[in-house]
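Work through the two exercises below with the structure in view. Try each task before reading its solution.

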Amino acid sequence: MQFDPFVIPFNIGLYFILIYAVVRSIIWFRDLSRPDKLRLQRGFFGKAFGQSLKEIFLESLIHRKILRTNPRLGYMHMSLAFGWFLLILFGTIEADIFGEKHLNPPYKAIFFKFFNPGHGIGGFEAGYAFLMDLILLFILSGLFLAVIKRFTPKVVGMKKSTKLKSLDRVALTSLWLIFPSRLIAESLTSGEYGSGSFLTGTLGSWLASFLPAGELAYPFWWLYSLSLGTFFILLPVTRYLHIPAELFLIFMRNSGIRTGDKAGSYSEIQAHSCSSCGICIDQCQMNFSAGINNMQPAYLITAIRNNEDTSEIALNCLMCGRCDQKCPVGIEISAVRMIQRREVYTGPEFRNVWKGYFRLRNGDHTPKPNGHHVYDYLPETAGSEKTDILYFAGCMTHLTPAISRSMVKILDASGLKWSFLDKDGGACCGRPLMLAGNDKEARELINHTSEMIWKSGAHTLVTSCPICYKVFRESYYLDIEVLHHTQFIKNLIDEDLVRMNFLHKRVAYHTPCELGRGTLVYSEPKDVIRHVAILEETGYEDENSLCCGGSLGNIKISSRDRQKIAVDAAARLTSRNPEILITSCPLCKKTFSAATSTKVADISEIVAEAVIIPKTEKPPLKHSLPVAEAVNIF
Amino acid sequence: MITGNVVVVGGGVAGMEVAGQLARSGCMVSLIEKESSAGGHIKEWHHLFPDRRNSMEVTDYLARQINHDNITLLTGTTIARMGYGKKVFTVDTENGKSISADAVVVATGFDLFRSERKEEYGYGIYDNVITSADLEVMFRNGEIKLTDGRRPEKIGIVHCVGSRDEKVGNIYCSKLCCITAVKQAMELKEHLSDARVYCFYMDMRMGGALYEETYRESQEKYGINFIRGKVSEVGETIDHKLIIKVEDTLVGRPLRMELDMIVLMAGMEMSKGGEQMAQIFGLKTGENRFFAAADHHYGSNESNVEALFFAGSCTAPMNITETISHARAAAAEVICYLRKAER
Amino acid sequence: MEKFGFKISKTRVIDFDQNDKSVAEFIYTNEPSFRLCIECGGCSATCTAGNFIPFSLRELQILLKRGETEKVKDNIEKCMLCGKCSLVCPRGVNTRNIIELAKRAFKTPELHAV
C-alpha cells in the first residue's frame, strides 16, 4: 500500500507552497537594495546563520518572547508551532524507521498510521507511538486554547482579539480541522486494528466499541488531507503567511538589514511576519486608556496586507514606541508605520497582484508634487555672536516659560558662555513634519536651523525639548555635541560647575517617549533628580514608560481622547502619591498639568530651585565658593 | 413660625443669607465655615460691579443677617462625616462635634481658578503678572504699583483665564470676569489717570443688569481699549517688561505689545470644599463639576438627596445679586420642606 | 503690507451661495472639531510660522468655511505642523488634522468633489 488518492489534496498543497516559497523568495531578494543583498549573502554564509537558527528555534517554535509577556498566550503559540514541528520531525523519523523503506515522500510521514495501521503495538514501537500521541495531545491542548481565545480573548490573558477577513476564516477553519481530524482518523484506524497509544488507542477502541471504525476512518483521512491542502494553498493570502515569513525575517534581521524609510522587501516581510497575536494592542494606551481599537499595529499591518487605505489609521498613533518594545516577532512597527505615513502623500509604493499572492512595485507611483520650496519665507540667518553653548528651547518650551527661565538660571549659574538661540521664537525643528511623513519639507527646516547653529560657532547644543533632541541627533548633520538639558545638567554636576541644595521632596519621574525609547536617555535624568530630591519608582520605568497623551506623533486623535490618556497615565504615575511628578519634556509637562492635581514640574525647574547662585561671576566656582558659604547665601 | 434644625455648610454670601432668612423664620441654624470668619470671597473684594459700591456695605448687611439668636456660627470647622436616618441628618465635624439637623443647605461657593495652571501666562513666573483678586487687594490698599515700586503705565487685562478653556478642563463661561475686567479697568484709570489699559477678550459677555451700560461707560469716560483675541503667551523682554502675544482677530494680524502689568481674570471653579461635600453627601455634579441641581428651571435649589438643598454659586457661577436671590429661594425651599415634614 | 499671495477678489462680497464649500464639508466629516472654532485667534498668535509671515490658521479656517478656498490653497503648506496651536486652542480643535485634511483635499480633489 504505497499510495491512496486521499493524499492528493495534501500533496497539491505541499508542492504549491514549496514552489510559492521559492518564487516569492526570489522576488523578495530581487527587490532588496544592493547593500542589503550583500548583507544577506554575507549573513547567510557567516555567523549570523547559526544565530538565526537559534532564534528560529526560540522564537518561531518556542515563542519565548510571547511566553514571557503572556504565558498562556505563549503556550498556545508554542504548542501549535513547536508541537507541529515535533509531529513532522518525529513523524518523518517514524516513517523512516518503521515504514516499508527509507526516504519516503512527505505524505508517508503525515499519514503514517493509514499506511501502517498495525504499528505501535509492542516494545519500542509502543514507546514511539506513545511519544507521537503525547505530541498530538500537546498540539490539541494549544488548539483548545486557540478556539477559546477566538471567542473569549480574556481566557488567554488578552483584552482584545484581532478581527478576521473571510479568507482568514476559511484558513483558520482548515487549521483548526487539521489536528482533530488527524486525531479521529488515527483513533478510528487504531480502533480497527487494535493499535495506538494512550490517546488514539484509547479513543479508538472506545469508538470502535459502538461504531464501524474501519468504514468511518477513511473519510476522516480525507478530511485530514483536505484541511492540510486547503491550509497550504490559502497560506499566502492569509495571515498564516507569518509562519514562513518570520523565518525570512529572522535571517534578514540577523544579516543586518533594517526597515529604512521606504517600502521594500524587508518592510513587506515584516508586514507578513505579524501573527496578529495582539500583544501590541494590549500595550497600546490608545486601547487601554481611550478605548480606541482600530489603529494598533496588528490592524495597520492587516490593512497593509489587504491593500486597504491606511491614510487615516497610519496617522492615528502616538508613536510612543511601546509596541516596538514588546513585539514578539521583532517587527520595527514604528518604522513600518512611518512608511505608511509618507505614502499618504505619495501613494502606495506596492500593490497586490493575483489576489495578494504577490505584491509588485507600483508602476504609476507618483513622486511628491510641489517641487517648490515651502519654507523659503524663512529669513536668511545672520552671523550671530560667537558662543560656546547654544540653548534651543523649542516651540513647546515657549508655552512653558518656567522651563526656559529655569534653564536660563542654570546656564547663568554655570558661568559658561552661552546664548539663547530661539529666545524670540525660531523655526520648528522639523520633527513634527517628519512624523507626519513630510520629510522633504522637514529637510528645509532642518537646513534652516542647521545654518543658524553652524554660524553660532558653539561646541555644544542644548535643548529642552526631547522632540527637537531626537531630530537634532538623528537627522541633522551637526559636528557639535547635542545634549538634552537633562544630560547637560548631569555634565554640569559631574564637572562641578553647578552646586545644589538637597530639596527634601519625594518625587516620581516620567520618562518622555522621545527621550526614553526614542533616544535612550534613561539614566541621566534620574541621576540629576537624585542629586536634588528623593526619587521614587512609578512602576512605569524606562522602556516601560507611558505616553503622556500629548504626543505630536498623532495627528488624528481628538483632544478628548488625548485627555483620557493623559488622565489615566497621570493617575498611574502618581498612584504612590509623590509630591511632584517630574518630567523632562515641555509637552509632557503641559499635558500632565491639566490631567492631575499633583504638582508637575520639569527637571530644570527643581534644579533651578535647588541651584546655588555663585556670589561672584568669574573666577571659577570651585575656588571662590565653599559649599558651607553657598548654603548661607540660599 | 416654623421649628427645625438646619445645618448650613459654607459661610459665604449664600450661606449667611440663607442662615439669616431661616433664623428669622424660627429655625435653629448651625452655620459651618472652614475659615476663621464668615464672609467668603466678598471679604477680599474692594468694590462690586456694576455700580462699584464698597463691598463692605454688603458684608455689613450679611453680618446683620447672621446676628440672630437662632444662629450658631461655627468657624474654623469642616465636616468629616454625615449620616441620614429617620429624616434626621447627623453631621460630624472634624473637631469632634456632632450636630443633628432636619435639613442641610450646602452653600460651599466657588474657588478662584489657580492662574499658575495657565503656565503660558506666567503667573508666579514673571513679576507683575497678577490676578483680578490680587488687584482687588491693591485697590483696598489704595496703591497700584509694580514689584519694583514704580507705577505701571501700560496695563493689559486678560479675559477668560481658566474659563471657556478646555485645556484646563473648564469649558463653561464664568460669566463675571468680563464685567469684573471692565470694572477693574475703570478703577485702574481712577488710580492711575495716565495709564493706558487694554482688555484682551474673546467675547464681551455683558448679559447682567447694567453691565452693558458699564462697558459703554468704560469706553466713553475712561478710554479703556478693547482688543479681540485670546492671549496665547506672555514673555519678558531683557529690561523686564512683559510682552504679550495675541492675534488682533478683527484686523487679522498678530499683535505684540509691551506692558508693565498684566491682570488675569481668573474664572470660577467648583470649590474643593464642595467636592468634599459631594463625596460625603453623595451629591451629583455636572460636567462643569459644580453641583447638579434637581431641575434646571424650577428646582435649582433641590439636590438628589432628600432634605438637602443648594444655595448660591456652588451650582454655577453667580454674581452677588443672583447669589442672594438663590439663597432666599433655598430658605423658602427649606421652610416648605419642614412644613411638609411637620404634618 | 505684503499680500503673501492673496489674490484681490473681483468683488468684496463673499458669494456664499456660489462658493465651493466642499473642502470644508470634507473636513467637517473627517474632523468634527473643525466646527468648534470661535475665532479667538490663539492659534494665530502662537503660530511658529506666523512669527515669520502673515500666516493665520484662524483666517484660513474661516475662509475654508466660507468657500474662499483659493486663498487657502496657496498658504496652507506654510504650516510647520509644530503643534503649538493645538496646545493653546481653548476649544480643542484638532488643528493639525485640519491642515493635513485640507492639504490632502487640495491635492486629491476627488476626495471631496460634489
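The exercises that follow concern a predicted model.

**Exercise 1**

Solution: 

1. Start with the contacts: nine residues of chain B are touched by 12 residues of chain A.
2. Next take the area. The two chains bury about 1100 Å² between them, and 43% of this lies on carbon and sulfur atoms. On the side of chain A, the most area is lost by A:Leu399, A:Pro401 and A:Arg405, which together make up 43% of what that side buries.
3. Then look for charge pairs. Three salt bridges are found across the interface. A:Lys589 and B:Glu119 form a salt bridge through their side chains, at 2.6 Å from N to O.
4. Count the polar contacts: there are six residue pairs between chain A and chain B.
5. Sort the side of chain A by class: five residues are nonpolar, three polar and four charged.

**Exercise 2**

Solution: 

1. Two packed helices are described by the angle and the distance between their axes.
2. The axes of helix 3 (residues 47-61) and helix 5 (residues 71-98) of chain A come within 8 Å and cross at roughly 130°.
3. For the residues involved, A:Phe57, A:Ser60 and A:Leu61 of helix 3 meet A:Met78, A:Ala81, A:Phe82 and A:Phe85 of helix 5. Six of these residues are nonpolar, one is polar and none is charged.

Definitions and conventions
Residues are numbered from 1 along each chain as its sequence is written. Chains are lettered from A and ligands numbered from 1 in the order in which they are written. This is a predicted model: local features need pLDDT of at least 70, side-chain atom pairs count only at pLDDT 80 or more; totals for chains, interfaces and linings use all residues. Side-chain values use heavy atoms; hydrogens and water are left out. Contact means heavy atoms within 4.5 Å. Buried area is the accessible area (1.4 Å probe) that two parts lose on being put together, summed over both. A salt bridge is a side-chain nitrogen of Lys or Arg within 4 Å of a carboxyl oxygen of Asp or Glu. A polar contact is a pair of N or O atoms within 3.5 Å; within protein, one must be able to donate a hydrogen and the other to accept it, and residues adjacent in sequence count only if both atoms are side-chain atoms. Ala, Val, Leu, Ile, Met, Phe, Trp, Tyr, Cys and Pro count as nonpolar, Asp, Glu, Lys and Arg as charged, and the others, Gly among them, as polar. Axes are lines fitted to C-alpha atoms, for helices over the stretch in contact, and angles run from 0 to 180 degrees between N-to-C directions. Helices (H or I, at least four residues) and strands (E, at least two) are DSSP runs, numbered from the N terminus.
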